Amino acid sequence: MSGADNKVGYLGPEGSYCQIAAQHMCPDAELVPYGSFHLVVNALLGGETSAAVLPIENTINGAVRQNIDLLQMHSELCAVCQHTVKIDHRLFTLKGADKSKIKRIYSHTQALDQCAAFISQNYPYATTVATDSTSGALSLVKTEEDAAIAGVQCSKQGLDMSSCCISDEKNNYTHFLKIIKGSIPQDFRCQRVFISMTCPNVPGGLLNLLQVIYSYGLNMAEIESRPIKDRVGEYRFFIELEADYSLPNVQKALQDLKSKTNSFRILGCY
């Protein structure tokens, strides 16, 4: 057994929302923090870890497109588990600092976007600075002019945390996926199947694919399009189906879809 067999990579440092999701999905694993999503995925591809936990969608900001692209890019990867984490952003400042002096606010770009109204109303002249993670932003709070946005679960000696959530939308959730290197077994039971596909660029091209989904009685929970980076004007569609992959009817539907597409991938079952 290799040392990677019970290691799971996540975007660190400790205290991140990714760590919370990883702890839930992989309670018995050794969790290994990395400094970026690319490093998390590269560790999995390189055999340093046996799984990775990535945020895939937020209820305010929508898809975490960087991670969808990473999953799509590497055909040897697939998602096998999903978990939803409630997001509770707080403002962190130096202990006892005068908050009216804040000039810089550090956090991950997703958190900055999710707290945009709070920042605009309370610190309209502050500069927002994107960091690799919310929890990592805490280390950048060094003077009264600095602040960071991170999760309520975070703490750091010498910092105060706001008493309430500062997200613009309080019902804020992020969906995470556990990613492994391998393929989905034929008998893998699940509630949702995540696929990507491209269709012929002709009138009714997408409609023909959606009719296949309808004809098999499958519910399409979500659909999103992303530009294909090396083909201007063409798009890839990402679809989440409410379906159990182990059922013959579902596998037949997926084969039917594949036969009518220019490209097709099962990105995950969970």
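Reply: A polar contact is a pair of N or O atoms within 3.5 Å, and within protein one must be able to donate a hydrogen and the other to accept it. Keep that in mind for Gln 19. The model is a predicted one.

Start with Gln 19 itself. Gln 19 sits in helix α1. Gln 19 counts as buried, because its relative accessible area is 13% and buried means under 20%. A polar atom of the Gln 19 side chain lies 2.6 Å from the backbone nitrogen of Gly 15. Leaving out residues up to four places away in sequence, Gln 19 touches Tyr 10, Glu 14 and Leu 31.

Now the largest nonpolar core. This core has 38 residues. Val 53, Leu 77, Phe 176 and Ile 179 touch the most other members. Helix α1 (17-25) is one of the elements that give two or more residues to the core. Others among them are the strands β1 (7-11), β2 (30-34) and β3 (51-58). Helix α2 gives the largest share, 6 residues.

Neighbours within four places in sequence are set aside here. Val 53 is in contact with Val 8, Gly 9 and Tyr 10, among others. Its contacts also include Cys 18, Ala 21, Ala 22 and Met 25. Phe 176 and Leu 177 are on the list too.

A second, separate core has 24 residues. Leu 209, Leu 218, Ala 253 and Leu 254 are included in that core.

Next, the cysteines. The count of disulfides is 0. For Cys 26, the nearest cysteine sulfur belongs to Cys 81, 7.1 Å away. A disulfide needs sulfur atoms within 2.5 Å, so Cys 26 is in none. Cys 26 is buried, with a relative accessible area of 7%. Cys 164 is in no disulfide either, and its nearest cysteine sulfur, that of Cys 165, is 7.4 Å away. Cys 164 is partly exposed, at 46% relative accessible area.

Last, an open sheet. It has 5 strands in the order β8-β7-β9-β6-β10, with mixed pairing. β8 (127-131) and β10 (159-161) each have a single partner strand, so one side of each is left without a neighbour in the sheet. Neighbouring strands are turned by 30 degrees against each other on average, direction ignored. Strand β7 (residues 104-108) runs parallel to β8, and 5 bridges join them. Arg 104 stands opposite Thr 127 in β8.

Conventions. Residues numbered from 1 in each chain as written. Predicted model: local features only at pLDDT ≥ 70, side-chain atom pairs only at ≥ 80, totals over all residues. Heavy atoms only, no water. Core = buried A, V, L, I, M, F, W, Y, C linked by side-chain atoms within 4.5 Å. Buried < 20%, exposed > 50% of the residue type's maximum accessible area, 1.4 Å probe, protein only. Helix = DSSP H or I, 4+ residues; strand = E, 2+ residues; numbered from the N terminus. Contact = heavy atoms within 4.5 Å. Pairing = 2+ DSSP bridges. Axes fitted to C-alpha atoms, helices over the stretch in contact; angles between N-to-C directions.
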